[in-house]
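Colleague: I would like to learn how to read a model like this one. Please take me through it feature by feature.

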Amino acid sequence: GVPVMLRTIVGRIEKRSGVSSASVKAVLDALQYEILQTLADGNSVRLGDLGSFRLTMHGEGVTTAKEAKEKGANLIKRVSVRFTKSSTMRMVLDKRNLIFGAQDDIRNAK
């Protein structure tokens with residue numbers, strides 16, 4: 001599928017809710033900021049029927065607390081964000097509930 005841009009989502013919410021696009025954009029900008037800040041603070045974020053975001057870290061192990069204190073953040077090799085679908089999202093996106101249409105073969109498209 002084609003990525004749907006934030007401005008398109010803003011327009012759809014404006015039509016559905018009757019709230020101005022500027023207000024919708026301001027709220028979505030604030031939501032993005034709050035999600036990022038909450039994750040940066042080490043907390044997870046639960047977004048209702050969508051699911052939740054949490055940080056995962058991958059790093060080097062050490063055998064003593066002294067080594068951990070000395071190396072500190074250098075032990076962390078990679079930080080990722082994991083998204084876990086809610087049960088509602090799992091149900092909505094279950095392949096039995098989706099409709100798939102035929103697509104053109106991109107090799108033969110002109």
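Colleague: Which residues line the largest pocket?

Modeller: First, a word on the source. This is a predicted model, so local features need pLDDT of at least 70, side-chain atom pairs count only at pLDDT 80 or more, and totals for chains, interfaces and linings use all residues. Residues are numbered from 1 along each chain as its sequence is written, and side-chain values use heavy atoms, with hydrogens and water left out.

Modeller: Now the general idea. On a 1 Å grid over the protein atoms alone, a pocket is an open set of points where a 1.4 Å probe fits, with protein on both sides within 12 Å along at least five of seven lines. Lining residues have an atom within 4 Å of a point. Here the lining of the largest pocket is L6, I9, L28, L31, Q32, I35, L47, L50, F53 and F83.

Colleague: What volume does the largest pocket have?

Modeller: About 290 Å³. Grid points are joined across faces, edges and corners, and the volume is the space filled by probe spheres set on the points.

Colleague: Which helices each supply at least two residues of that lining?

Modeller: Helices are DSSP runs of H or I with at least four residues; strands are runs of E with at least two; both are numbered from the N terminus. In this model, α1 (6–17) and α2 (21–40) each give the lining at least two residues. The largest share, 4 residues, comes from α2.

Colleague: Which residues does I13 contact, beyond its neighbours in sequence?

Modeller: Contact means heavy atoms within 4.5 Å. Leaving aside neighbours within four places in sequence, I13 touches G18, V24 and L28. L28 also belongs to the lining of the largest pocket.

Colleague: How do I compare distance in sequence with distance in space?

Modeller: Take two pairs. I13 and N43 are 30 residues apart in sequence, and their C-alpha atoms are 28 Å apart. G11, also in helix α1, is 10 residues from S21 in sequence and 6.3 Å from it in space, C-alpha to C-alpha. G11 has a relative accessible area of 21%, so it counts as partly exposed.

Colleague: What about a strand? Where is T56?

Modeller: T56 is in strand β2 (residues 51–59). T56 is buried, because its relative accessibility is 13%. Beyond four places in sequence, T56 is in contact with R78, V79, S80 and R82.

Colleague: How many salt bridges does the structure hold?

Modeller: The general idea is that side chains of opposite charge can pair when their charged atoms come close. The cut-off is a side-chain nitrogen of Lys or Arg within 4 Å of a carboxyl oxygen of Asp or Glu. This structure holds 5 salt bridges. One of them joins K77 and E60, with the closest N and O atoms 3.6 Å apart. K77 lies in strand β3 (residues 76–85) and E60 in the loop between β2 and α3 (65–71), so this pair ties together parts that are 17 residues apart in sequence. K77 is exposed at 57%, and E60 is partly exposed at 35%. E60, K71 and K77 are linked in a network of salt bridges.

Colleague: Where do E70 and K66 lie?

Modeller: Both are in helix α3, 4 residues apart, about one turn of the helix. R96 and D94 form another salt bridge, at 2.6 Å, N to O. R96 is exposed at 70%, while D94 is partly exposed at 22%.

Colleague: Last feature. Which residues make the nonpolar surface patch?

Modeller: Patch residues have over 30% relative accessible area and no salt bridge; like charges are joined within 9 Å, and nonpolar side chains (Val, Leu, Ile, Met, Phe, Trp, Tyr) within 5 Å. Areas come from the Shrake-Rupley method with a 1.4 Å probe; for residues, only the protein chains shown count as cover. Here M91, V92, L93, L98 and F100 make a nonpolar patch of about 520 Å². M91 is in helix α4 (residues 87–92), and M91 is exposed at 55%.

Terms used: Buried < 20%, exposed > 50% of the residue type's maximum accessible area, 1.4 Å probe, protein only.
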